[in-house]
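Here is a short briefing for a reader meeting this structure for the first time. Take a look at the model, then read on by topic.

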Amino acid sequence: MTQPNRLNSGGRIDRDQPMQFEFNGRRYSGFQGDTLASAMLANGVDLVGRSFKYGRRRGIVAAGAEEPNAILQLGATEATQVPNVRATQQELFDGLVAQPTSGWPSLNTDALGMVGKVFGSLLPPGFYYKTFMFPRFGWKLYEKYIRKAAGFGRSPRAEDVDQYDHLNQHADVLIVGAGAAGLAAALSAARSGARVILADEQSEMGGSLLHSRDLMGGKPATQWVADTLAELAGRDNVLLLPRSTVNGYHDHNFLTIHERRTDHIADRAPEGMSRQRLHRVRARWVVLATGAHERPLVFANNDLPGCMLASAVSTYLNRYAVAPGNKLVLMTANDYAYRTAFDWQDAGRDVVAIVDSRADVSGHYQEEAKRRGIAVLLGHGVIEARGSKKVTGAVVASLNADGSAVAGASRTLSCDLIASSGGWSPVVHLSAHTGSRPVWNDDVLGFVPGETLQQMKTAGAVKGSYDLVACLRDGAEQGAEAAKLAGFDATPATTPEVDSWPEAKAMALYSIPHTQPNSRAPKQFVDLQNDVTAAAIELATREGFESIEHVKRYTAMGFGTDQGKLGNINGMAIAAKSLGQSIPDTGTTIFRPNYTPVTFGAVVGRHCGELFEPERYTAMHDWHVQHGAEFENVGQWKRPWYYPKAGETMQQALDRECLATRESIGILDASTLGKIDIQGKDAREFIGRIYTNAWAKLAVGKCRYGLMCHEDGMVFDDGVTSCLGENHFLMTTTTGGAAGVLEWLELYHQTEWPELEVFMNTVTDHWATMTIAGPNARKLLAELCDDIDLDKDSFKFMDWRQGTVAGVPARVFRISFTGELSYEINVQANYGLHVWEKLFEHGEKYNLTPYGTESMHILRAEKGFIIAGQDTDGSVHPYDLNHGWAVKEDKPFSFIGKRGMKREDCVREGRKQLVGLKTKDPKVVLPEGAQAVDDPKQPLPMAMLGHVTSSYYSANLGRSIAMGLIKDGLNRNGDTIYYPLSNGQVVEAEICSTIFLDPKGDRQNV
Amino acid sequence: MFYIHCPYCDEHREEEEFHAKGQAHIARPLDPDACTDEEWGNFLYFRANPRGIHHELWVHAAGCRKFFNITRDTQTYAILETYRLGEQPSVTSQS
Amino acid sequence: MQKYSGFGLLKHALSHHENWQRVWRNPKPKKHYDVIIVGGGGHGLATAYYLAKVHKVTNVAVIEKGYLGGGNTARNTTIVRSNYLWDEAAFLYEHAMKLWEGLAQDLNYNLMFSQRGVLNLGHTLQDMRDIERRVNANRLNGIDSVALDTAGVQKIVPIMDCTSRARYPILGASWQPRAGVARHDAVAWGFARAADALGVDLIQQCEVDDILMQNGNAVGVNTKQYGEIHADRIGCVVAGNSGVVAKMAGFELPVESHPLQALVSEPIRPILDTVVMSNQVHGYISQSDKGDLVIGAGIDGYNGYGQRGSYPTIEHTLQAIVEMFPIFSRVRMNRQWGGIVDTTPDACPIISDTPIGNLFFNCGWGTGGFKATPGSGHVFAETLAKGEANALAKPFSMFRFHNGALVDEHGAAGVAH
């Protein structure tokens, strides 16, 4: 296979390593060291995409991150698809498969292209705001078709087969960009002993030196690059990160680096290797040596394949040994770009002309052109590219002095490549991420970094300094300075001399006028990816969109995947001109992360799937799994929900569990309940301020239920707290609320009452907790515990005892969330499974039945016990819950929540209050969340009374039971209310007490 | 991501170890029961919310669990100082 | 006002689009207005429009320190829904929804209001109870809202991982078919253009730095660029900057300004035709007509006016998105940004008179302002026109934070036993 545009020699490609790849269904070959773009150009692939709005043919324009057109779909398999890969940034590998992301039915014959030709004039910026409004519901249909044109590449349809990871890094000096300035900075910093990270987005470090033909200290620039990298690589205080884009600069010198570790090898990462890695770096000092992007000049039909950036042409020639054409017309407003013409000629190709917009310029570059016999047209511009499929000619004309109008007759030069250079735009993106607005510099003709807000230095072209010697020196100095500021003894590295010629002043020129006004000239593209033209920008300003932000949003300029790297400055210049003001008056340009797009997976790292959030297991988890438990996620915990036996429905399992508990004995793994150990001489006082009820007299060995409110008086947690010693308490919290309650306690202790001597810590994970409940609970416990007197009169309800259970030291709490005779056995977590299994060994004869959270909910609801977070929602206070008994108003200290629940709205009539609910038909179970009304026949919107908070079928009661909030519910006992359900059914229910079973509490007091 | 000096640990640690807890130096009224609804509401909900220098309460949640204060610029996000509870800021919007 | 239509486009195409009129004037401020609206975002512009259109108060200025619609209007994830739990909030947002439904025609500006439906996912049993509760309340309030089980969710979003192997499997969702998205910039521009046509002065690049007071009443504003401008009534609609403006008038608000971050992927082919939100795993996502996946995060915990937040928030959000949509792992994130949201303790707005006479505030919309834009403007316009709260606005007085009548839309507390 031939590569028609490949030069016979030169470049940094390895001709001994040919590689095959596929684009748009055709096979091509390239070499190791190619990018996909250079390989495509080598093979003469002109057409890489169709434009977004007009369907115009597009080719490769640039050689790096600023490329707007070559946006491809990569991937040989479904699971390895990657959308929107810039061909200029994708290294070639053997077997690479790429597809165009535009063109229908095909790239070559695109229907939209034909539509665009005919109807393009109907699509000025913002046209969609002005039409598609009728009929009123028409947008749905219009949108369906407009949407078909959306997007470039496509998401994979299969799950990612690769992994991604993160690495946290600390650096004394992080240097961004390994061009001339960055390498010099790295040398200075590295030699000081500072920990240095040098990151560069490209596969090879060296930046523009890789395609430079300058001699540095008498040697090729690439030799200096190699020597420098060798020294840096040899130091263990230096981390070199090629293929690594510093994509975001965040607060306090935190930067993220997106490293592509395997994308240059294959679609899929090799076994055991992460595809990409995100380095999360905290840097003492940062040196931005991010360089500059060349700006194209805007002219008519400047989107034809064959229009390229001047520096890109040099890059393809010198670095990749690719000449994308034969006959070059170079248009420039500066001297630097003359080099491209010289490179082109030295590659044995024909330079038709250098078209220089400056009328009056003479110096080394013009002399050199003359010496080489290259025609230079001064005071001229390429006003239009000619060609249907690709460039076949350039229409040139003389311009007036400031380049604002065509001054003379035009003529057409035959060519197949138009390279242009309007100057350079410093890459200020990262500096802008810090919140610093770039400022316009008239000497640079570009935005340079504004006020420095972080511990950051800039070096080289990012400042608008483009001379190689100056860049090297600046880099060396800034690198040393950064290292010094980071606390190291650093001196600037010496940098080589470079033969350079002085450059004449560049001209401030952004777009080339046409003989026609922009509105009538062939399209002059500013943002190629979004099809934004000079005429569009003028129209936007004419319509009153005068802020540059308005212009950008109205025209979509800069919103592409290239984020306007090529077009934004030109667009601003056109807007400024149209508004008759300067560029800085028109606004600045603010960049947000990312510098270039970052794979979602790389940001996610390993935090997906089972590692999305840690799963917390109790000590008895494996037992639950072995016994067929279904699990419920509660916070991060996995809790047994119910234990279905073979063939059982959920309801059958619940009925069995609940009946067994009340008839004999059930067991619950309650380990997940939050447990906070509280100690200190003021612990009792402290608890009394936190809970709403009284704690002053709770004796050692006793337990008490408490409600916890926020300062607004609304309940947010509840639980039982036990007095372990005069100055020692154990507080339990809800499973999900544990961490929040501990922080709440610490908040009040540390900020409000530091004078109280109290200490607290979580002990949730220290203990395994198993609750045995039911008439046979005492009998079972007695079999395993011989050092606690279990007699009902000595170990009473709401007592706790220290003892030994199944040979293990245990705290046993006689508390009950089921209303049954119940013991909560707490043992050190390591012994949990042992004790649990012993209980089953001995409990078999009592039909000891494990029950999960669902049965726990049913059993507690039969007794009217609330669940904070289910029966409360942050808008109910203790009196709303009919829990006034748990509020001790006359405590000396005004406990948290007391004042809040006395506010006007909290004491008014008609608040929603928690009541019991019995459906008229005992078989009907109200859905939780159903809303009550007095009159189900009223029109919408209905006046609602409140919702069902808890609702179950109770096998023990042989009927459904529920609790819910009802307006003024505590005064409406016996009233009938209605629940209109979504299925049209209306459920009739009676308001009753929340206590459905054993109102006197006989069962738990036995 | 902020880099926060915990005045108790005396170390800079990543923001992920901390929780922001709102405006600092808001004392609970000593006699809540004597407060009017308005006074209580002001204590509960009404905040300075300045653009610029702000004194705020943070907790080293995944560290020493201590609450402490930060003086921070809410516009630039620069942390100007961190100090322990009970101490007063040395940087204020007046200074 | 120049009428927009397909025919108009055709006509202008023939003259090379050289004759389009300005969408709004660029007037110098007058000395005195009946009403000054501080803040030219979507809500402020909507307020001005309805003041002029419904209440015939046309001597109105909107004063904007930057450019129109340049605050949160330009920075949000464009979700419009009205499935709020409490009556007060539901009525307000549903009022907005009804206005949305004819707004493009009313303004003669295509806002691309796309009613493609919103799913609010449930991942825990308590989530599902809360969903049932909200859906039932919505239904009885006349708002379209249904509860779906896992299969129902999967049917609407086939590409989402609805299997039980997820860390927090999707157990169901609430689904509001009339909800959707709109083109955010167009909303500001449409209201601005229509308000301007009715005589409202839109003053851009003009920063208010003081509220002028007389005998405890506000009588105007001072601006950096034009000095004093007087008015009979002043309405402040400045979102994240509300605290700053309130301070000029000498009072505090129950508002804290926090960063709220969002991000977009690169544009990809349409693959997600509805809006998916999840509180439990903390992320929400839709796909724009340009093809970007538009993704929103939770708010950052600290106060901030910097229009940026902390990176871990972005990480958590993308973790949530990839957890729900594992196939998006190789899609790439293009840009991230932040807005400043004015959050209140009950996650509901403040539409209210203030301790200062003739000074009114419309703020505190937190993360939910965009969806309310027309409704917010409509009720605030009446409040300003009449000098007292409109019926729908009444429950949202700032003084509810004194008497305790909060409208807590944080959703159920999410505590589990």
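**Chain B against chain A**

Between chain B and chain A the count is seven salt bridges. The model is a predicted one.

*Bonds and area between chains B and A*

- One salt bridge joins the side chains of Arg280(A) and Glu16(B), at 2.9 Å from N to O.
- Polar contacts between chain B and chain A come to 25 residue pairs, both residues at pLDDT 80 or more.
- Strand E3 (19–23), helix H1 (37–45) and strand E4 (53–59) of chain B are the elements that each give two or more residues to the side touching chain A.
- H1(B) gives the most to that side, with five residues.
- By class, the side of chain B that touches chain A holds 19 nonpolar, three polar and eight charged residues.
- Chain B brings 30 residues to the contact, and chain A brings 30 residues.
- The area buried between the two chains is about 2500 Å², and carbon and sulfur atoms give 46% of this area.
- In chain B, Met1(B), Arg28(B) and Arg65(B) lose the most area to chain A; together they make up 31% of what that side buries.

*Chain B on its own*

- Chain B has one helix and six strands.
- Read from the N terminus, its elements run β-β-β-α-β-β-β.
- Its C-alpha atoms fill a box of roughly 40 × 30 × 20 Å along the principal axes.

*Chain A against chain C*

- Here the contact takes 136 residues from chain A and 111 residues from chain C.
- The buried area is about 10800 Å², with 53% from carbon and sulfur atoms.
- Tyr129(A), Arg147(A) and Phe600(A) supply 8% of the area that chain A buries against chain C, more than any other three residues.
- Across this interface there are 14 salt bridges.
- One salt bridge pairs the side chains of Glu18(C) and Arg520(A), at 2.8 Å from N to O.
- Polar contacts between chain A and chain C come to 69 residue pairs, both residues at pLDDT 80 or more.
- The side of chain A that touches chain C has 52 nonpolar, 46 polar and 38 charged residues.
- Strands also pair across the two chains: E31 (598–599) of chain A and E16 (332–343) of chain C are antiparallel, over two bridges.
- Within this pair, Val598(A) has Met333(C) as its bridge partner.

*A sheet in chain A*

- Five strands of chain A form an open sheet in the order E2-E1-E7-E5-E6, with mixed pairing.
- Strand E2 (26–32) and strand E6 (82–86) stand at the edges with a single partner strand each, so one side of each has no neighbour in the sheet.
- Neighbouring strands of the sheet are turned against each other by 40 degrees on average, direction ignored.
- Strand E5 (71–74) and E6(A) run antiparallel and are joined by three bridges.
- Leu72(A) has Val85(A) in E6(A) as its bridge partner.

*Backbone details in chain A*

- The peptide bond from Phe134(A) to Pro135(A) is cis, with omega near -5 degrees.
- Pro135(A) sits in the loop between helix H2 (111–119) and helix H3 (139–148).
- Leu940(A) and Pro941(A) are also joined by a cis peptide bond, with omega about -10 degrees.
- Pro941(A) is in the loop between strand E46 (931–933) and strand E47 (944–954).
- Asn847(A) is not a glycine, yet has a positive phi of about 60 degrees.
- Asn847(A) lies in the loop between helix H21 (832–843) and strand E44 (849–850).

Key
Residues numbered from 1 in each chain as written. Chains lettered and ligands numbered in written order. Predicted model: local features only at pLDDT ≥ 70, side-chain atom pairs only at ≥ 80, totals over all residues. Heavy atoms only, no water. Pairing = 2+ DSSP bridges. Helix = DSSP H or I, 4+ residues; strand = E, 2+ residues; numbered from the N terminus. Axes fitted to C-alpha atoms, helices over the stretch in contact; angles between N-to-C directions. Contact = heavy atoms within 4.5 Å. Buried area = accessible area lost by both parts, 1.4 Å probe. Salt bridge = Lys/Arg side-chain N within 4 Å of Asp/Glu carboxyl O. Polar contact = N/O pair within 3.5 Å; in protein donor to acceptor, adjacent residues only side chain to side chain. Nonpolar A, V, L, I, M, F, W, Y, C, P; charged D, E, K, R; others polar.
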